[in-house]
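This report concerns the salt bridges of one protein model. Please keep the sequence and the structure at hand while reading.

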Amino acid sequence: MGVQYLSWSYDQMGVVATVLLAEETNNTTAWQRWLPSGPVALLPLDNKRSSLVWSTWHDHAKQLLKLPEDQFVDSLNDALWNQYPRSTGVATATSWMSSALRRVGLPDGVDRQLPPSVRHIVPKSRAAFPLGFGHSTRYVAPGVVLVGDAAHRVHPLAGQGVNLGFGDLKDLTELLAESVYSGFEITHPTWMEKYESARQRHNVPTQLMIEVLHRLYTVDLLPVVLARSLGLQLTNALQPLKKLIITQATT
């Protein structure tokens, strides 16, 4: 297409698999836990299965792919459940924040549902792919439209890559229909530019937000850890802000 594509690598890989949960449950919650090497996430598929995305360093990812299935499951459950040392200062500050939120009648985030355990993985479902950021400065050219990962790539930490792609397809099909009903050819530049404008207005802010989160959670400095911990508590407590984020993520 002859357009500029902005990209960089995170020097990590995403290990993916389809996993079978230890107990059948009302599996409607997406789980994500931040480990020192990166986030591990379980995205619900049905009452018995979830989709795994485990972001980690290249060497660790290769080790995980080589493990026998039972050892891989043990490593995954350890990643989901293992308790890591916490900073005393951060623990004290978050406890104070919880008390302050309770005093004003806001959710304090103390009551939490426990994550599921994994029993098996679906045979031959393990794979890995390199993680990186990418964005095409243009989504359209004569007779060409970019959607999904061809137009943009994000870190899987927020599970938004597929949502951005779904949004592309939704807007694309609606504008295609509008073009046809109006008597234009489907390659008419008017609707193609509408598609590009609409999607970039949504995708670029979302990508930048994910990038900020990625950078924020890869820093171990105490002031940053404290700020993000308290910020997460406030975000969870302030329902209008929480709903705004949910709306942006699901649009």
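The sections below describe salt bridges in this predicted model.

## Overview

Across the whole structure, the search identifies 7 salt bridges.

## E196 and R138

A salt bridge joins the side chains of E196 and R138, with an N to O distance of 2.7 Å. The two residues lie 58 residues apart and link distant parts of the chain: E196 belongs to helix α5 (residues 189-216), while R138 sits in the loop between β6 (127-136) and β7 (140-141).

The relative accessible area of E196 is 11%, and because this is under 20%, the residue is classed as buried. R138, by contrast, is partly exposed at 35% relative accessibility.

The side chains of D171 and R199 form a salt bridge at 3.4 Å, N to O. This pair also connects distant parts of the chain, with D171 in helix α4 (residues 161-181) and R199 in helix α5, 28 residues apart.

D171 is buried, at a relative accessible area of 17%. R199 is likewise buried, at 3% relative accessibility. A network of salt bridges links D168, D171 and R199.

## K194 and E178

K194 and E178 are joined through their side chains by a salt bridge of 3.0 Å, N to O. K194 lies in helix α5 and E178 in helix α4, so that the pair links distant parts of the chain, 16 residues apart.

K194 is partly exposed, with 40% relative accessibility, and E178 is partly exposed as well, with 36%.

How values were computed:
Residues numbered from 1 in each chain as written. Predicted model: local features only at pLDDT ≥ 70, side-chain atom pairs only at ≥ 80, totals over all residues. Heavy atoms only, no water. Salt bridge = Lys/Arg side-chain N within 4 Å of Asp/Glu carboxyl O. Helix = DSSP H or I, 4+ residues; strand = E, 2+ residues; numbered from the N terminus. Buried < 20%, exposed > 50% of the residue type's maximum accessible area, 1.4 Å probe, protein only.
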